[in-house]
Amino acid sequence: MSDLLSISPMLVTAFTGLLVMALDLLAGRGRKGFLAWVTAGGFAVAGVLACLLWRTPVTLAQPFLANVFALDAHGWFFAEIVLLSGGLAALLAADHLPEQGIHGGETYGLLSFSVTGAILLIVATDLVTLFLGLEIMSLALYVMAASKASSAYSAEAGIKYFLLGGVASAFLLLTVAFLYGATGHLGLVDIARDLVTKGSGPDPLLVQGAMVLLVVALGFKVAAVPFHFWTPDVYEGAPTPVTAFMAGAVKAAAFAVLARVVLTLSRAPLFVGVDVTPGDLLLGLSVASMVVGNVLGIVQTNVKRILAYSSIAHAGYLLLGVWATQSLAGTAARTLNDAVPFYLLTHAVATVGAFGVLALLGRAGEEDMSLDRIAGLGRRHPGLGLALLVSILSLAGLPPLGGFLAKFNLFRQILIENPSVGLPWVILALLMSVVALYYYLRILVYVFFKEPEGEPAEAIHSTSGGIALGIAAALTLVLGVAPGAFLEASHTAAQATVLAAPTAPAVPPASVPAVAATPRDATPIAGGAQAASPSLVRPRGEGDAIRMLRDTRRLPPGIDVQRLPAPPLH
Amino acid sequence: MSAELVVFGILAVTAVLGALAVVLPPFGRNPLHAAIALLTTFTCVAGLMVLLSAHLIAVLQVLVYAGAVMVLFTFIIMLLNLRREDLGGFRITAWKVVGVIAVVAVAVKLGVLVAAGLSAYDAASASVVVANDFGGVKSVGMALLTTYLVPFEATSLLLLVAIVGALVVARRGDGGAE
């Protein structure tokens, strides 16, 4: 019973989905709006349950639950972000969907299932559960993106997201297969323990390939360059509340799992004698995302596309945060940067607010959200204008809003923990933030200082949407001026990111005996393997030769550093 | 070299060749030919499962993949009723050239790395341990309903989402009317 209580947030969201789909049958045509309230109410209950569980340490009695879930501060923090974004998106959808000609209530059911999948993905420590969570979340999103029957853009968004997302899922599945092949385990804790005590098995290529494929698969989900091509089209074509959910919740969930898997597995010396480490990959993606997202954002004229490129750029800052690890409670071990969970929270709130304003614009199937059409919005609808102002300024990172504090905190943490290595990249990030100001302020100039040319976008009257925007704007302000409790929560979440030390007692092995890891590496490698958990950040100025010398002692026997050719990725 | 290794080699190579034929010309140009190539791969994978004495998984592979999934693929291809001109001509674009070069480069580097790994690999000590009833009805059932109960239940949610999603997308034509 207590186990059921412990996983109750997921159960509540799943049952919310079933309930909404049953109520959808009873509700008459054109009277589906209340389903949004039921959905948001379900998410609120799940959110409160998650908060209560957060305060009390959760221990799962049943091994089949304890082996696949880690119900800790990390999980609950990101689950709350997902629930918040999902609830606000549901409220925004209540009046947006009928106006856009989507009369069925399935969107709410799919949204609930998507949230359930996202929470499963966040709290999973077992790679199969993790993959299923990702698939549940994504599959529901593909359908929601394509749900606007009258729009070719929506169909394009659905197909594009589905095909590219399917490829990304295949990459993740290969990650799972490679890690299972290398260690014979599916649990992250078991895999990390095996890799630390036994090295990366007879063929280090398996584990290295798995890590690279993982970064690719999750790079796609967080919309990092060069896996970003779908982002502008999907964000533009999908119904706007769905876009809001995608930009807020999916990014948070993907970053949660990326940080957890990469940092947990990075405890083991996986990349000895190899030129490109996961840290380098993350840094490369981060720099590319910051530059491409911000520079291409300048030339866009559609507000949804501008926000899509902004989302890519924010993925860049966040990847820099994941790359710049920090020490775990004063030990030599490294964990997620304190600032990253807080940044994701502020980003989710602000981006849902910005897309939320767009969701409340456009009558009767209109979907053109170009800058010209929102010109003068601030004068015609001061409330919507104000909500957009708060959200955009927070995304741009201006004080006193949440976005400023998140960005400041992120760069400060990177510099404190990695002073010399991090400095050039923080400077680049700051420069790119200045570039981004151009397109953020351009939106505001159109909204407040320009007169519309031609027909301006009409606002939809929506009580629930107004409430959602109010919550988002208020929260953005609170995160900026009174962030104490949130920063504290972010700190505990980051400290819990790396799963239990690999030296912890073993979780009972799966009942199906696996193809065993080869015994040749069964004896722990003398010296070094247990000693350090390398940070993702490579010390500056250390040449390949020195690194190879330093790492040689950790190599599994039989593999000669000098004979290993360069890796395929450069 | 044991007979088992020879059979394994034949099945594995055929499976990979079949998978390549699905996407590469000339078979990949025609959806039905690609489907047949996929069928080859499915059958060979089932054969690999038999080699592992995983009878249940082998039977399921044939029943579900080679049977139901293939029939569905074939139905859909026939319902679409594609003509040769619908498929479009084969054109060599700049992207395709870049893609081929990238694939070849990565394949060569991977090949070198795998060769390096294999030379350090000691087949004698790399014994494969599989339990007696591995892949049988009992062991698969036990695993699904004890160790992997959560993924099992999550799969049912995934299937529900897939069914609802298919209905939503399929209903597009009538403008959402009920």
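Predicted model: local features only at pLDDT ≥ 70, side-chain atom pairs only at ≥ 80, totals over all residues.
1. Contact means heavy atoms within 4.5 Å. In chain A, A:His74, A:Gly75, A:Phe78, A:Ala79, A:Val82, A:Leu83, A:Gly86, A:Ala90, A:Ala93, A:Ala94 and A:Leu97 of α5(A) meet a set of residues in α6(A). The α6(A) side consists of A:Thr107, A:Tyr108, A:Leu111, A:Val115, A:Ala118, A:Ile119, A:Ile122 and A:Val123. By class, this contact has 15 nonpolar residues, 4 polar and no charged.

2. How do these two helices lie? The axes of α5 (residues 73-99) and α6 (residues 106-123) of chain A come within 9 Å. They cross at roughly 170°. That makes α5(A) roughly antiparallel to α6(A).

3. Helix α19 (residues 402-417) and helix α20 (residues 419-449) have axes that come within 7 Å and cross at roughly 160°. So α19(A) is roughly antiparallel to α20(A). From α19(A), the residues in contact are A:Lys407, A:Phe411, A:Ile414, A:Leu415, A:Ile416 and A:Glu417. They meet A:Pro419, A:Gly422, A:Leu423, A:Val426, A:Ala429, A:Leu430 and A:Ser433 in α20(A). The contact divides into 9 nonpolar, 2 polar and 2 charged residues.

4. Chain A holds 23 helices and 2 strands. Of its 570 residues, 63% count as buried. Among contacts in chain A with a separation of 6 or more, 83% come from residues 24 or more positions apart. Chain B has 7 helices and 0 strands. Of the 178 residues of chain B, 21% count as buried. For chain B, 59% of the contacts between residues at least 6 apart in sequence join residues at least 24 apart.

5. Which residues have the most contacts inside the largest nonpolar core? They are A:Phe69, A:Met246 and A:Leu265, in a core of 198 residues. Helix α12 (residues 240-265) of chain A gives the most to this core, with 19 residues. In soluble globular proteins, nonpolar side chains tend to be buried together.

6. A:Phe69 deserves a look of its own. Leaving out residues up to four places away in sequence, A:Phe69 touches A:Ile7, A:Met10, A:Leu60, A:Leu120, A:Val123, A:Ala124, A:Thr125, A:Thr129 and B:Val150. The list includes a residue of chain B, B:Val150.

7. A:Val128 also touches chain B. This residue lies in helix α7 of chain A. Apart from neighbours within four places in sequence, A:Val128 is in contact with A:Leu186 and B:Pro151. A:Val128 is partly exposed, with a relative accessible area of 27%. A:Val176 is 48 residues away from A:Val128 in sequence, yet their C-alpha atoms are 7.5 Å apart.

8. Helix α9 (residues 188-198) of chain A has 8 of its 11 residues buried, so it is largely enclosed by the rest of the structure. The buried residues are A:Leu188, A:Asp190, A:Ile191, A:Ala192, A:Arg193, A:Asp194, A:Leu195 and A:Val196. What do they pack against? The partners are α7 (127-145), α8 (152-183), α10 and α12 of chain A. Just after α9(A), A:Gly199 takes a positive phi of about 75°.

9. Helix α10 (residues 204-221) of chain A is one of those partners. It has 18 residues and reaches 26 Å from its first C-alpha to its last, close to the 26 Å expected at 1.5 Å a residue. Of those 18 residues, 17 are buried, so α10(A) is largely enclosed by the rest of the structure.

10. Most residues other than glycine have a negative phi, and most peptide bonds are trans. A:Ala223 lies in the loop between α10 and α11 of chain A, and is buried, with a relative accessible area of 1%. The loop between α10 and α11 (230-237) also holds A:Pro226. The peptide bond from A:Val225 to A:Pro226 is cis, with omega near 5°.

11. The bond from A:Pro399 to A:Pro400 is cis, with omega near 5°. A:Pro400 is in the loop between α18 (382-396) and α19 of chain A. In chain B, B:Ser53 is not a glycine but has a positive phi of about 60°. B:Ser53 lies in the loop between α2 (31-51) and α3 (55-80). Is B:Ser53 buried or partly exposed? B:Ser53 is partly exposed, with a relative accessible area of 36%.

How values were computed: Residues numbered from 1 in each chain as written. Chains lettered and ligands numbered in written order. Heavy atoms only, no water. Helix = DSSP H or I, 4+ residues; strand = E, 2+ residues; numbered from the N terminus. Expected span 1.5 Å × (residues − 1). Buried < 20%, exposed > 50% of the residue type's maximum accessible area, 1.4 Å probe, protein only. Axes fitted to C-alpha atoms, helices over the stretch in contact; angles between N-to-C directions. Parallel < 35°, antiparallel > 145°, perpendicular 65-115°, else oblique. Nonpolar A, V, L, I, M, F, W, Y, C, P; charged D, E, K, R; others polar. Core = buried A, V, L, I, M, F, W, Y, C linked by side-chain atoms within 4.5 Å.
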